[in-house]
Amino acid sequence: MSSSVFHRDLRAAYPSVVSAEGMYLTTGSGQRILDAVGGASTVVLGHGVREITDAVARHGSELSFTYGATFTNPWQEQLAEALVAMNPEIAARVYFASGGSEGVETAVKMARQYHLQCGRPGRHKVIARWQSFHGSTLATLSLSGRPAWREPFLPLLPPAPHIVPPYCYRCPLGQAYPGCGVACADDLERTIVMEGPDSIAAFIAEPVIGSTVTAVVPVPEYYRRIREICDRYDVLFIADEVLTGYGRTGRWLAIEHWGVAPDIVVMGKGISSGYVPLAAVLASQRVVDAFTAGSGTFSHGFTYSGNPFCTFVGLQVLRYALAHQLFEGVAAKGQHLRTALGHLAGRHQIIGDVRGLGLFAGLEIVADRASREPFPEKAGLTRRIVRGALERGVLILPGVAGANYGRGGDHIHLSPPYIITPAEIDLVAQVLDETLTEIEASL
Ligand SMILES: Cc1ncc(COP(=O)(O)O)c(C=O)c1O
């Protein structure tokens, strides 16, 4: 099929989705697909919610654009106020952006300028973790510890130090919890000291690792230790909650599971449930105070930041989610999902690990469960599982090559809209069961 679109894969024939409602997508050829990943962990309310689309149609004729350097508008003010109210201990003010990558870039510049405001001009580096993902722009890709995506652009990436991830299933330090003493967190201190504390502005992490090694949940002590180290060296802690925020893990922000408050939080994806491009950077009181006491200005700006149309949609999405108590169901549904996946692991030897939190779950696929040896990349296990499920009418996402220390390794990503029912979760598990049975028979 010829196309004028510069697709990710110019040789692939992408199925065209022409409509969607609730949990289901419909393609141009009439296939109905159960969306078990909310597009890309984005659709939280379900597709095509009439209350939202009707409100959007009404709003469009009222006000579609203002420029943030000149005006504010009621919707960005109201959405910011609502986001602060969701967790005032973490957020004092909100900066809006048009997507996760823009949000992370904003957080990095905010952290850098925070230190300038505080009279510490040497602090400019942001430390990140290997096997992480923070975005596709050059600066956010430099933070992302995803070798496969970094490699083509390495000469262009600004330098960023990386520490080991808290990935117990394949501990990068070759240790085992709890005997390890959570040494992976101490790698942050080692790196700060080696790089020179006076050069470090911030540490950034996805509280639950997102797409590079799907749904890895760090051990309970991990973020308290991280927070202590950040405090000891005056380093800001940025939580990248683009995927894990907005109730995805059963709490408003995933970091709340660890009882830790970051200095800056980035939210994206679910914040607009996919209706419009939107992200939010939540700045804590400490950060806001430094700006207010310093120059008062944040040297940064996007044309679409705080766009009245997008923030209006964000406000409608939040009101809808609260009115329908969608966040409340996530923890129990997530438990149901992990239990169903656990049963699958009992039936399929190639499932090495089942993990996740709330409605974000991951399966790691291995050739040998005892040694955790991955399949060779050329076996294409992830691709085959995703294709097999799609043929059976269920959309799941491939984990991006990264599980095996960033080089191959198979993992599957599930992050359904919050409206998924227990019966639909069972259907997803049944389709995975059939798909894995077929693949195992062919190995
Ligand atoms: C944790 C995390 N941060 C940042 C991003 C980048 O967001 P976007 O694709 O909206 O720019 C993503 C996207 O998947 C993500 O998962």
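Strands β1 and β2 (residues 24–27) pair in the antiparallel sense over four bridges, where two strands count as paired if DSSP finds at least two bridges between them. Helices and strands here are DSSP runs, numbered from the N terminus, with at least four residues of type H or I for a helix and at least two of type E for a strand. The model is a predicted one, in which local features need pLDDT of at least 70, side-chain atom pairs count only at pLDDT 80 or more, and totals for chains, interfaces and linings use all residues. Residues are numbered from 1 along each chain as its sequence is written.

Four residues lie between β2 and β3, which form a hairpin, and Gly-30 in its turn has a positive phi of about 90 degrees. Strand β3 is joined in turn to β13 by two bridges, and this pair runs parallel. Leu-34 has Val-394 as its bridge partner in β13. Put together, these strands make an open sheet of four, in the order β1-β2-β3-β13, with mixed pairing. Its edge strands are β1 (17–21) and β13 (394–395), each of which pairs on one side only.

A second open sheet has seven strands in the order β4-β10-β9-β8-β7-β5-β6, and its pairing is mixed. The edges are taken by β4 (93–97) and β6 (162–163), each with a single partner strand, so one side of each is left without a neighbour in the sheet. Inside this sheet, β5 (residues 125–129) and β7 (residues 200–205) run parallel and are joined by three bridges. Val-126 stands opposite Ala-202 in β7.

Turning to the helices, α11 (residues 330–347) has 18 residues and reaches 26 Å from its first C-alpha to its last, close to the 26 Å expected at 1.5 Å a residue. The expected span is 1.5 Å times one less than the number of residues. Which residues of α11 are buried? They are Val-330, Lys-333, Gly-334, Leu-337, Arg-338, Ala-340 and Leu-341. A residue is called buried if 20 or more other C-beta atoms lie within 10 Å of its own, exposed if 12 or fewer do, and partly exposed in between, with C-beta atoms placed from the backbone. On the face of α11 turned away from the buried side are the exposed residues Gly-342 and Gly-346. The cover over the buried residues of α11 includes β11 (351–357), β12 (360–365), β15 (410–414) and α13 (422–442).

Helix α12 (residues 381–391) has buried residues too, namely Leu-381, Thr-382, Ile-385, Val-386 and Ala-389. Their arc around the axis is only 130 degrees, which puts them on the same side of α12. They pack against β12, β13, β14 (397–398), β15 and α13. Just after α12, Gly-393 takes a positive phi of about 90 degrees.

Tyr-320 is found in helix α10 (residues 308–323) and is partly exposed, with 17 other C-beta atoms within 10 Å. Neighbours within four places in sequence aside, Tyr-320 is in contact with Leu-45, Val-49, Glu-51 and Ile-52, a contact being two C-beta atoms, placed from the backbone, within 7 Å. Tyr-320 and Ile-52 are 268 residues apart in sequence, yet 8.1 Å apart in space from C-alpha to C-alpha.

Some backbone details deserve a look as well. Most residues other than glycine have a negative phi, and most peptide bonds are trans. Tyr-246, in the loop between β8 (236–241) and β9 (264–267), has a positive phi near 60 degrees. Tyr-246 counts as buried because 30 C-beta neighbours lie inside 10 Å. Lys-269, in the loop between β9 and β10 (279–283), has a positive phi of about 35 degrees although it is not a glycine. The peptide bond from Tyr-177 to Pro-178 is cis, with omega near 5 degrees.

How values were computed
Arc of directions from axis to C-beta.
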